[in-house]
Amino acid sequence: MSRLKTYLFVVLALKALTGYGQLSPGDLTTAHASLEGMSNCTQCHDLGNKVTNAKCLECHKELRALITRKKGYHASKDVKAKDCFTCHSEHHGRKFQMVRFDEKAFDHA
């Protein structure tokens, strides 16, 4: 059996045994809604693990390019050692605001 088929079988079996809430803690934001569904979990999560920065940066190429060039907020000493989900958590519903900061206090330099 292929890895994907095995994964889907396990996920479906777990859903039947434990309920969907155990697999998905809630809806994704509107920005990530296309990634919803049990067959898409590994788009963001390594199987059985948390979301990884590498997975985030596979989609968010513009941020990856800035970080590589050591430019922008995400390359700053305050952020570069953090996991993306520290500031951008998901599964809080369609209207959840993933980017939250005080624009007046933000150092635009």
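Four salt bridges are counted in this predicted model, where a salt bridge is a side-chain nitrogen of Lys or Arg within 4 Å of a carboxyl oxygen of Asp or Glu. One of them joins the side chains of Arg 94 and Glu 36, at 2.9 Å from N to O. Because Arg 94 lies in the segment after α4 and Glu 36 in the loop between α1 (3-18) and α2 (53-59), this pair ties together parts that are 58 residues apart in sequence; helices here are DSSP runs of H or I of at least four residues, strands are runs of E of at least two, and both are numbered from the N terminus. Arg 94 is partly exposed, with a relative accessible area of 34%, and Glu 36 is likewise partly exposed, at 23%, given that buried means under 20% relative accessible area, exposed over 50%, and partly exposed in between (1.4 Å probe, protein chains only).

Among the other salt bridges is that between the side chains of Lys 55 and Asp 46, at 3.8 Å from N to O. Lys 55 counts as buried, at 18% relative accessibility, whereas Asp 46, at 31%, counts as partly exposed. The side chains of Asp 78 and Lys 77 also meet in a salt bridge, with an N to O distance of 3.6 Å; here Asp 78 is partly exposed at 47% relative accessibility, while Lys 77 is exposed at 72%.

Residues are numbered from 1 along each chain as its sequence is written. In this predicted model, local features need pLDDT of at least 70 and side-chain atom pairs count only at pLDDT 80 or more, whereas totals for chains, interfaces and linings use all residues, and side-chain values use heavy atoms, with hydrogens and water left out.

Glu 90 is placed in the segment after α4 (84-87). When neighbours within four places in sequence are left aside, Glu 90 is in contact (heavy atoms within 4.5 Å) with Asp 27, Leu 28, Thr 29, His 32 and Met 98.

Ser 89 lies in the segment after α4 and is partly exposed, with a relative accessible area of 23%. The side chains of Ser 89 and His 92 are joined by a polar contact of 3.0 Å. Beyond its neighbours within four places in sequence, Ser 89 is in contact with Phe 96 and Met 98. Ser 89 and Val 99, which are 10 residues apart in sequence, have a C-alpha to C-alpha separation of 9.2 Å.

With regard to cysteines, the structure holds zero disulfides, a disulfide being a pair of cysteine sulfur atoms within 2.5 Å. Cys 56 is in no disulfide, and the nearest cysteine sulfur, that of Cys 84, is 4.0 Å away. The sulfur of Cys 59 is too far for a bond, because the closest cysteine sulfur, in Cys 44, is 6.5 Å from it.

Terms used. A polar contact is a pair of N or O atoms within 3.5 Å; within protein, one must be able to donate a hydrogen and the other to accept it, and residues adjacent in sequence count only if both atoms are side-chain atoms.
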